[in-house]
Structure formats: structure tokens, C-alpha cells
Amino acid sequence: MWQLDEIFKDLTVVAIPTRTSFRGINLREAALFRGPAGWSEFAPFIEYNSAEAEAWLWAALEGAYKPWPMLNRKAIGINATLPKVEINRVNEILNRFPGAKTVKIKVDDFEKDSELVEAALDFNPDFKVRLDVNGGWDLKAALLNLYNYHLRFGNVFEYIEQPVLNISDLKELKKEIPMKIAIDESIRKALSSGFEDVNTYADVAIIKWAPSGGMTRANKLIEKIGLPAVISSALDTGIGISHGLALAASQENLDFDCGLATLSLLESDVVTPAIEIIDGTILVNRVEPYEKLLAKYLVTTDRRIWWQERIEEIWEAGLGERWLNEQRN
Ligand SMILES: [Mg+2]
């Protein structure tokens, strides 16, 4: 018997193909399990090491064992997400986000990707546009690219997400550009930092349920950073998404559409009731896996064992003891 059988007795690992290559991923694996509060999801990306994946396991356990906090809204406005695709696929992809008023576009440089922005605005001229650079530019490239984007498209940009990685570069950039700056990697890779002078380099905080360590830690993080938050997901199944939706719904202030419609990038979800985008919003509900879909996307025994070992390694490195201690208190 697997030593963590008690906690993870329903552990089910699925692999769902993505519709387009996203972060270089074509197959998304996720470990699902159930606790007294409902279903939860543990799905750090395959390449993450144990230290990086630890917060994800804490989030997953909390999601299975603790009820959601009080929710301040029943539905969450979402943004469409446009990965780097051939231009002739843009409409097909954006049609999967019915009624979205905001689009987030993954970009490299202006030369290559301005046509994606163009195509998105052809699809919906009223889109608020977010560019996500994933920290891919240095300061000089950021200044040049954003100058060109601004010149070509004017004030369509809601914000630029992580244009550069370095905090000192973000500070320089913020003084120079007319657009707002959102930070994502600057938060995820520095969860324990104080964010004291965050106002000098960012306007918006991207917060994700699993990488932040779950509901309680994410809400503390939002409070610590003190910027308007955009709750986003990490290509989760509907189980993980439901927790992200609850995190968004628990906010007192939610001024921006959230990045919680990434299910549209997967070939299928595995939950019931199905998570649907209606008029640019998604309803907040606890969801459960649907047997037939679980069976369809179930992984091989090899992959299941890989995930069990991954959980075990993180558990034994100290998380297990901390988790059990917290349950006793
Ligand atoms: Mg991002």
C-alpha cells in the first residue's frame, strides 16, 4: 500500500492534450484527489523541482481539506488568452472565449507578433489588450518594442505583463512607458519578499491559486503586495480552475477580468458541471470529476507512479510534518 493512501485515496492522474502548444506544452498532466471539503488538484508543471512544487501541494491539500472562504460574487469576468499561433487560427481560438472583453496575448517582439494584436483587434475592436512577455525582454528591447506597440495601436493596452524580469529594469521602464505594468514572475519567484516599494515598478499583481500556496496564502500575498490583483490560472483542469474562481470571488475588490478561462486551451475538461464561459464570465461552483472523462484521459501506471513519487518526495522533505501539525492546531 502506498504510504500516503489515506490522504490521496482517490488520487487520479489525467493527461489532457492542449489545443495549441502553450509554454511548449502539448499534454497537460494533473493529479486530482478528494478531501472532506471536496476535490482538489496538484499539477505543477513537469519540469518544476520539489522546492518549486511545494506551494502547489500545499494549495492542493488546503483545497481538499478546507472549505472556501466567504465569496463576495457569484461570477467572475474572464479574459481570452491568445497563445502564439498562426494568424489563420486566431478567430477559431478567440471564439472559445464568448463575450470576453479583454484579451491577453503572448508576445516576443513587435516584428513577429504585432500581427497577433492586429488580428485580435480585427476580431473585437473593443478588446482591452494585455501583452504577456514572460520577462523575455531586456530594458532596451522593452523600450523599443513598447514604443512600437504604442505607436501602432495607441491606448488599447490595459497593461503589459512582466516585460522584463529584473526589478531595477522594471523601475526604469515604468518611468518611461505610458502603459501600466503587471508583475507575474516577479511575484511567483519571490513569494517571501516584502514588496515594500512595489508601487515604483508595478501597477497590477498577477496571483495564481496553486503557485501562491492556496487560498489563505494567496490572500495574504495580495494583502502584502497591496496592488490590484488579477487572479489567473496555470493551465489547470476545471478542478484547479474552480479554486482559482473561488479565490477571485473571495476578493473584496476585483477591478480586472481574470485569467481563469484557460480551459479553452485544453482539448477537454474532466469536470461536471462543465465550466462554461457565458457573456465573458464564469460561475463560481465546486465541481467534481466526471467518471467517463476521467477514464478517457487517465494516464498509464508509469505516470501515476511518477506523480505518487513526486508527492511523496515533497511530503517527506518537510511539508507532510507541517501539514499534519497545522491540522492538529
Ligand atoms: Mg504571465
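Helices (H or I, at least four residues) and strands (E, at least two) are DSSP runs, numbered from the N terminus. This is a predicted model, in which local features need pLDDT of at least 70, side-chain atom pairs count only at pLDDT 80 or more, and totals for chains, interfaces and linings use all residues. Residues are numbered from 1 along each chain as its sequence is written.

Q: In which loop is the place of Asn134?
A: Asn134 is not a glycine, yet its phi is positive, at about 50°. Most residues other than glycine have a negative phi. The place of Asn134 is in the loop between strand E7 (128-132) and H4.

Q: Does Asn134 count as buried, partly exposed or exposed?
A: A residue is buried if 20 or more other C-beta atoms, placed from the backbone, lie within 10 Å of its own, exposed if 12 or fewer, and partly exposed in between. Asn134 has 15 C-beta neighbours inside 10 Å and therefore counts as partly exposed.

Q: Does Leu235 count as buried or exposed?
A: Leu235 lies in the loop between strand E11 (229-232) and H9. Its phi is near 60°, a positive value in a residue other than glycine. Because Leu235 has 20 C-beta neighbours inside 10 Å, it counts as buried.

Q: How many residues of H9 are buried?
A: Helix H9 (residues 238-249) has 12 residues and reaches 16 Å from its first C-alpha to its last, close to the 16 Å expected at 1.5 Å a residue. The expected span is 1.5 Å times one less than the number of residues. Among the buried residues of H9 are Ile239, His243 and Leu247. H9 is mostly covered, the number buried being 12 of its 12 residues.

Q: Is H4 roughly parallel or roughly antiparallel to H5?
A: The axes of helix H4 (residues 139-153) and helix H5 (residues 167-176) come within 10 Å and cross at roughly 25°. Angles under 35 degrees count as roughly parallel, over 145 as roughly antiparallel, 65 to 115 as roughly perpendicular and the rest as oblique. The crossing angle therefore makes H4, relative to H5, roughly parallel.

Q: What is the omega of the peptide bond from Thr272 to Pro273?
A: Pro273 is found in the loop between strand E12 (271-272) and strand E13 (281-283). Most peptide bonds are trans. The bond from Thr272 to Pro273 is cis, with omega near -5°.

Key: Axes fitted to C-alpha atoms, helices over the stretch in contact; angles between N-to-C directions.
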